[in-house]
Amino acid sequence: MNHASSGRGRAVLMLAHFAGMIDLVALPVWVGALVQHYRFDLEHAGMVVTAFLLGAVVASLLAAPRFNILPHRLLAMGGYAGAAVAFACASQVSDFAVLLPLHALAGLCLGTGLSMVHGAIGRSANPHRLFAMAGAALGVGAVVFYGAVPPAIAAGGGQTLFFVFAGLMAVTAAACSAFPHIATDPQHAQRHAPLSRVAWLAVLGVTCMALNQSITFAMLDRVGVMRGFGQERVNMVLLVCGFVNLLPAVLAGLLQQRLSATRVALIAPLVQATLAVIIASSPTFEPYALAASVFAAVMIFTHTFLFGLIARLDPSGRAVASTPAMMMTGAAIGPALAGSVAMRAGFDGLAVLAVVVGIAATCAFAYVSRHGRSAAGTPLAVVK
């Protein structure tokens, strides 16, 4: 029996999704804390966060293809517990050469646990709806995070961020003792055929959007501060962003039967790139604040539709179990790339980069829109 759709199972998966996708919430605070409290430049701060994300990518690439034969509960508990230990250790050091491998270790552990979580969601009765619920949980957690963590860091120093991470991972590891049982389905377990080209292009499109998300979001704090908007006003923008992020996953769940996943995907990268240009190039606070407030919401809304679509393209759960890889490959490249571009070409260089990546994502989704019907076997306008 598959318990991923039970009340307790959903609660565990929602908490684990929030903890595992903490990078989507914490990127600007993370990079800002490393720059302000650890005195790293933008490039080195980006490299530290990138080490975490690369670790998650590697773990997901190893775990996702084997999802149907792995011990889900054990790996979920062990993954989050290992991340808790790594972040606890990171809170005790300040040297770049030590923080880098600790972040990579945390990413390896977290990516393993998160792959189990997303594979379980993909094997639930309605992956789109459950992923939307998990996205709503991420939005609630973001409000709490933005409201509490930046002031705590200002009062207690940069190590406070790693204490928060360690505590969140420890609580999630304990919760994963109730990780839902995923029944072994011989049809799924024996399906080892390569993913279709349309599934790969959908994965590529998600990766490009994740790259644009992290390029801009990682520099969001620094753009505002270095443009003279003030740390307090930038923190307020992040808090507003958290409240806005309560809405997109809920809307995506409600609109499941009304919007085509591929039509959403065709529009979203262009909207995302436009907002990124405004954030990176606006000389005044108001356009920056408005674009920043809704920037992450575009990714959350779009990814909910694409998660459901990819779950249909590969019912075994392997493709959606690789969600950490497809999200964090882009996210892993983003902070280091953004820091490097910002130091050499300024924030306007980030705007140009966002447009290029947005066009690439649109091209990938255009292929999915054209060829996805035959690959999925049913119309893409309805995700059941």
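Student: Are Tyr-38 and Phe-40 buried or exposed?
Tutor: This is a predicted model, where local features need pLDDT of at least 70, side-chain atom pairs count only at pLDDT 80 or more, and totals for chains, interfaces and linings use all residues. Numbering runs from 1 along each chain as its sequence is written, and side-chain values use heavy atoms, leaving out hydrogens and water. Buried means under 20% relative accessible area, exposed over 50%, and partly exposed in between (1.4 Å probe, protein chains only). Tyr-38 and Phe-40 are both buried.

Student: Which kind of aromatic pair do Tyr-38 and Phe-40 form?
Tutor: Rings of Phe, Tyr and Trp (its six-membered ring) pair if their centres lie within 6.5 Å; planes under 30 degrees apart are stacked, over 60 edge-to-face, and the rest tilted. Here the centres are 6.0 Å apart with 40 degrees between the planes, making the pair tilted.

Student: Why does Val-58 count as partly exposed?
Tutor: Val-58 lies in helix α3, helices being DSSP runs (H or I, at least four residues) numbered from the N terminus. Val-58 counts as partly exposed because its relative accessibility is 42%.

Methods
Helix = DSSP H or I, 4+ residues; strand = E, 2+ residues; numbered from the N terminus.
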